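The sequence and the structure come first, and my notes follow.

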Amino acid sequence: ILAIFLKHWAKRVKIIGASNGYLSSYALTLMIIAFCQSRQPPVLPCLQERKLRSQQPKTVYYPVPIEELESKKRRRSHYGNSQGSNPDSRVFCMIETDAFFENNLNVIAKEYMGGQRNTASVGQLLYEFFVFFLYEFDPANQVISVKEPSGFARKCQNDKLPFSIVDPFDVHKNPGRHVKTNSVQHKQIMMQFRIALDRFTS
């Protein structure tokens with residue numbers, strides 16, 4: 001219910017649309033899941049976490065254009081001084097990632113949903129969501145990652161993006177990359193978050 005409401009709200013206030021420099025619906029969904037994982041006790045478990053010895057990595061491979069890789073030395077070794085602008089000469093590297101997540105409902109109920117349950121109402125979680133991303137989330141030092149039990153990880157590189165989000169199925173892509181720091185779109189997103197929070201406190 002929380003995700004449905006927030007996605008409907010985000011569309012109504014026009015902060016959804018990656019092609020226009022806003023958040024994608026997928027990016028917002030990952031933000032909601034990470035937030036729910038971060039609550040104490042968690043609202044949602046981390047299904048990427050392995051709790052049984054029988055749970056094995058699920059390695060998937062996908063092609064990435066070499067010009068998108070961070071290593072300039074690696075690009076030069078293929079292209080020399082050229083930029084590889086000819087589409088027919090583009091080189092792709094096969095990148096691997098672990099796409100494991102538990103999808104057995106019986107295992108989830110037994111191994112992931114034990115312990116104390118979070119009893120916060122949807123309204124309380126909605127309020128905490130806006131508070132968190134306005135005042136607690138540190139975009140300079142945190143990455144949003146549902147692959148982590150806490151929903152967040154320490155940022156290792158200075159990408160200067162307000163929403164650094166790990167795609168659990170394609171870890172080399174950032175679903176929040178379309179929003180640039182201090183852009184009109186970024187300011188509008190944060191303004192709508194503040195307006196929403198003000199409605200709780202007014």
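**Entry 1: ground rules**

I note that this is a predicted model, in which local features need pLDDT of at least 70 and side-chain atom pairs count only at pLDDT 80 or more, while totals for chains, interfaces and linings use all residues. Residues are numbered from 1 along each chain as its sequence is written, and side-chain values use heavy atoms, with hydrogens and water left out.

**Entry 2: the whole chain**

I looked up the secondary structure and found six helices and four strands, where helices (H or I, at least four residues) and strands (E, at least two) are DSSP runs numbered from the N terminus. Read from the N terminus on, the elements run α-α-β-α-β-α-α-β-β-α.

I then looked up burial, for which buried means under 20% relative accessible area, exposed over 50%, and partly exposed in between (1.4 Å probe, protein chains only). Of the 202 residues in the chain, 41% are buried. The accessible surface comes to about 12,400 Å², and 52% of it belongs to carbon and sulfur atoms; such areas come from the Shrake-Rupley method with a 1.4 Å probe, and for residues only the protein chains shown count as cover.

For contacts, meaning heavy atoms within 4.5 Å, I noted that among those with a separation of 6 or more, 64% join residues 24 or more positions apart.

**Entry 3: aromatic rings**

How many aromatic pairs does the count come to? Rings of Phe, Tyr and Trp (its six-membered ring) pair if their centres lie within 6.5 Å, and planes under 30 degrees apart count as stacked, over 60 as edge-to-face and the rest as tilted. By this rule I get 15 aromatic pairs.

I checked W9 and F130, whose ring centres are 5.1 Å apart with the planes at 70 degrees, so this pair is edge-to-face. W9 belongs to helix α1 (residues 2-12) and F130 to helix α5 (residues 122-136), so the pair ties together parts that are 121 residues apart in sequence. Both W9 and F130 are buried.

The pair of F132 and F152 is tilted, with 5.0 Å from centre to centre and 40 degrees between the planes. This pair, too, links distant parts of the chain, since F132 is in helix α5 and F152 in strand β4 (residues 152-154), 20 residues apart. F132 is buried at a relative accessible area of 7%, and F152 is buried at 9%.

I also traced a cluster in which ring pairs link W9, F35, F129, F130, F132, F133, F137, F152 and F193.

**Entry 4: helix α5**

Helix α5 has 15 residues and reaches 19 Å from its first C-alpha to its last, close to the 21 Å expected at 1.5 Å a residue; the expected span is 1.5 Å times one less than the number of residues. Its buried residues are L125, L126, F129, F130, V131, F132, F133 and L134, and they pack against α1, α2 (25-38), β3 (142-144), β4 and α6 (184-201).

**Entry 5: helix α6**

Which residues of α6 are buried? I listed H186, I189, M190, Q192, F193, A196 and L197. They cover an arc of only 155 degrees around the axis, which puts them on the same side of α6; the arc is that of the directions from the helix axis to the C-beta atoms. The face turned away from this buried side carries the exposed residues V184, K187 and R199. The buried residues of α6 pack against α1 and α5.

I195 also has its place in α6 and is partly exposed, at a relative accessible area of 34%. I195 and F130 are 65 residues apart in sequence and 9.7 Å apart in space, C-alpha to C-alpha.

**Entry 6: two loop residues**

S183 lies in the loop between β4 and α6 and counts as buried at 16% relative accessibility. Its side chain reaches the backbone nitrogen of H186 at 3.1 Å.

R117 is in the loop between α4 (105-112) and α5 and counts as exposed at 53% relative accessibility. A polar atom of the R117 side chain lies 3.0 Å from the backbone oxygen of M113. R117 and V43 are 74 residues apart in sequence and 7.3 Å apart in space, C-alpha to C-alpha.

Definitions and conventions
Polar contact = N/O pair within 3.5 Å; in protein donor to acceptor, adjacent residues only side chain to side chain.
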